[in-house]
Amino acid sequence: QVQLVESGGDLVQAGGSLRLSCAASGSMFSINAMGWYRQAPGKQRELVAVVISDGKINYADSVKGRFTISRDNAKNTVYLQMDSLKPEDTAVYYCYAHVRIIGSTGFRVYWGQGTQVTVSS
């Protein structure tokens with residue numbers, strides 16, 4: 001029904017930058033929130049950043065000032081610009097979207113397959 005396709009993960013040195021993209025497609029009536037979570041080995045999945053349809057944005061404290069989330073509503077795409085990367089940013093990054101599909105009355109969350117970001121020291 002809804003597919004999220006991520007791209008942009010890579011291996012980068014500390015201090016470097018990466019830009020993740022996530023495009024949503026399918027039978028979508030509307031998208032409320034889009035954002036990114038990440039999961040490092042042995043740790044729980046954690047919120048990185050989210051942008052709501054009204055433009056409100058939230059960041060995890062650990063990425064404030066270094067990461068920037070943006071959204072292109074016309075393309076149903078969300079981006080995560082990651083600057084000043086640190087080794088502790090190493091994780092699988094998952095895109096998510098809070099979507100109401102055509103013919104339904106409620107919203108549910110859909111996930112991408114994940115993209116690996118590795119930051120070397």
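Student: Why is Cys95 called buried?

Tutor: Buried means under 20% relative accessible area, exposed over 50%, and partly exposed in between (1.4 Å probe, protein chains only). Cys95 has 0% relative accessibility, so Cys95 counts as buried. Cys22 also has 0% relative accessibility and therefore counts as buried. This is a predicted model, where local features need pLDDT of at least 70, side-chain atom pairs count only at pLDDT 80 or more, and totals for chains, interfaces and linings use all residues. Residues are numbered from 1 along each chain as its sequence is written, and side-chain values use heavy atoms, with hydrogens and water left out.

Student: How do you know that a disulfide joins Cys22 to Cys95?

Tutor: A disulfide is a pair of cysteine sulfur atoms within 2.5 Å. For Cys22 and Cys95 the S to S distance is 2.0 Å, and the count by this rule comes to one disulfide. The pair links distant parts of the chain, 73 residues apart: Cys22 in strand E3 and Cys95 in strand E9. Strands (E, at least two residues) and helices (H or I, at least four) are DSSP runs, numbered from the N terminus.

Student: What makes the disulfide of Cys22 and Cys95 left-handed?

Tutor: The torsion about its S-S bond is about -75°, so the disulfide is left-handed.

Student: Why is Ala91 called buried?

Tutor: Ala91 has a relative accessible area of 2%, so Ala91 is buried. Ala91 is placed in strand E9. Not counting residues up to four places away in sequence, Ala91 touches Arg38, Gln39, Ala40, Thr115, Gln116 and Val117, where contact means heavy atoms within 4.5 Å.

Student: How do you know that Arg71 has no salt bridge?

Tutor: A salt bridge is a side-chain nitrogen of Lys or Arg within 4 Å of a carboxyl oxygen of Asp or Glu. Arg71 is buried, and the nearest side chain of opposite charge, Asp54, is 7.6 Å away. Arg71 lies in strand E7.

Student: What does the side chain of Arg71 reach?

Tutor: It reaches the backbone oxygen of Asn32 at 2.8 Å. A polar atom of the Arg71 side chain also lies 2.9 Å from the backbone oxygen of Ile31.

Student: Which residues have the most contacts inside the largest nonpolar core?

Tutor: They are Trp36, Leu80, Met82 and Tyr93, in a core of 32 residues. E9 gives the largest share of this core, six residues. A nonpolar core is a set of buried Ala, Val, Leu, Ile, Met, Phe, Trp, Tyr and Cys residues joined through side-chain atoms within 4.5 Å.

Terms used: Lys, Arg positive; Asp, Glu negative; His and termini not counted. Polar contact = N/O pair within 3.5 Å; in protein donor to acceptor, adjacent residues only side chain to side chain.
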